[in-house]
Amino acid sequence: MLRSMSMTGERIEWFSVKLLLIITLFFSFVGHAEDRDLRAFQHGLDILPLPNGQYVSIWSSVVSEKLQLTNNDEEWSHNVYMASFSNASTRLSPELLISAPDHTAQEPASSAISRDGHIMVTMEDAYQAKHELMQSYAVFDTQFKSIAPYQQVAFDGGHSGHVAAVDNHFVIFFSEGWVDGGGVDDLGSGDDVLLKTYNSIGKELGQLSVSVDKQHRDWWPLLAGSQHVALLVWQRFIDDKTNAQLMYSIYDPIKNTLIKQPIALRGDVQYYTYDVQFLPTVNRFLITGTTENNTGFAYLIDEQGLVVNTLNTLPPFVREAQPAIIGYQNEVEPHKVVERVVYPIAPSGLVVLDVNKTSINIKQRLYDPYLWQYIGTDGVFLDEQTVYFHTLSQYGLKEMRWHIQK
């Protein structure tokens, strides 16, 4: 493993390549990467907190020897990798977690950890799929010993899925079907969105059609879980438009039912450029996103699906980027808690939000020359004033670190 360090923003770039390959990669990418779909290199990343206080980062990437060969005209061939780190040491040693024969791709990886410490990893998967793609998964313990070994099949024909934990349940929210035309670069869109619920060892408990309708084209489903429910978010195609409706719903995995029926939150979202998180300190969900006019928005939502607060004066958020989150006591009123949420913003830098049960406020904005990519970013707080991000690129996993005001 070769490590290359750039001092700007205390950024570290990791390459799983030999020294000889670096020159090849450099000249291969310069002048050409902007013409490629960068998801062909790496796609999908989550950082999970482990019960021992450490963290694990899980993401999809092509193997290093194929980075210079990957382009939009070839079949993608991602594997799933993992790397552990702690607040005290962020030295990474990436390891292969999931792979399949025949150069088939498992991407984008999406991961979650249950309250009892089991980890589910799900991904869109071409290996052994009867309908071109399937949504598959595996379950591990915190030592990454297999509990439900790869390849478990959530849905043959499923794609674009993501997973969240709701207490000791896992919910995989995925798309099914494809409609040609429209969407990004006129590539088309998904058709329907469905979900399946599992216990913490990967046994299926229920399934539900969230939005299955010939009148709608729904895809790119995201979700976040509290201890009781999951908030589901997805985009709905609008005819003759280059933006989408942002839909949401609330799902109860115990009753296997929607307690908030699908409803449009707004109709001007940039394709794929939205996110949802659960904020445990204030017991609220936070939906963020970017409009077609390149402005950011945030919605604070309770477990019943009620919109508690909205903020529409934010900078634009980064596609497929998740925040670093930490709970604080309010210094003026110590009995009131605040969740600090730090998001990457486009094209560069961070925005720091303070969120309580009823409001969203901008605390700080940080600037940095690094231009975020759209293929996967996540972060954590290493201490109360240090945020640490992993972000994917055509060159490999990058580490970035900032100090923020308390």
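**Before you start**

You are looking at a predicted model, in which local features need pLDDT of at least 70, side-chain atom pairs count only at pLDDT 80 or more, and totals for chains, interfaces and linings use all residues. Residues are numbered from 1 along each chain as its sequence is written, and side-chain values use heavy atoms, with hydrogens and water left out.

**Stop 1**

Side chains of opposite charge can pair when their charged atoms come close. The structure holds seven salt bridges (a side-chain nitrogen of Lys or Arg within 4 Å of a carboxyl oxygen of Asp or Glu). Select Asp167 and Arg115 to see one of them, with 2.5 Å from N to O. Asp167 sits in the loop between strand 11 (158-166) and strand 12 (169-179), and Arg115 in the loop between strand 7 (110-113) and strand 8 (119-125), so this pair ties together parts 52 residues apart in sequence. Strands here (E, at least two residues) are DSSP runs, numbered from the N terminus.

Now show the surface. Asp167 is partly exposed at 22% relative accessible area, while Arg115 is exposed at 55%. For these words, buried means under 20% relative accessible area, exposed over 50%, and partly exposed in between (1.4 Å probe, protein chains only).

**Stop 2: Asp218 and Arg236**

Next, select Asp218 and Arg236, a salt bridge whose closest N and O atoms are 2.7 Å apart. Asp218 belongs to strand 15 (residues 218-225) and Arg236 to strand 16 (residues 230-237), so the pair ties together parts that are 18 residues apart in sequence. Is this pair buried or exposed? Asp218 is buried, at 0% relative accessibility, and Arg236 is buried too, at 10%.

**Stop 3: Arg340 and Asp354**

Move on to Arg340 and Asp354, whose side chains form a salt bridge of 2.7 Å, N to O. Arg340 is in strand 23 (residues 337-344) and Asp354 in strand 24 (residues 350-355), 14 residues apart. Arg340 is buried at 3% relative accessibility, and Asp354 is buried at 16%.

**Stop 4**

Finally, color the four strands of an open sheet, ordered 11-12-13-14 with antiparallel pairing. Two strands pair if DSSP finds at least two bridges between them. Which strands form the edges? They are strand 11 and strand 14 (204-211), each pairing on one side only. From one strand to the next, the twist averages 20° (axes are lines fitted to C-alpha atoms, and angles run from 0 to 180 degrees between N-to-C directions). Zoom in on strand 11 and strand 12, which run antiparallel and are joined by seven bridges. Select Gly158 to find its bridge partner in strand 12, Glu176.
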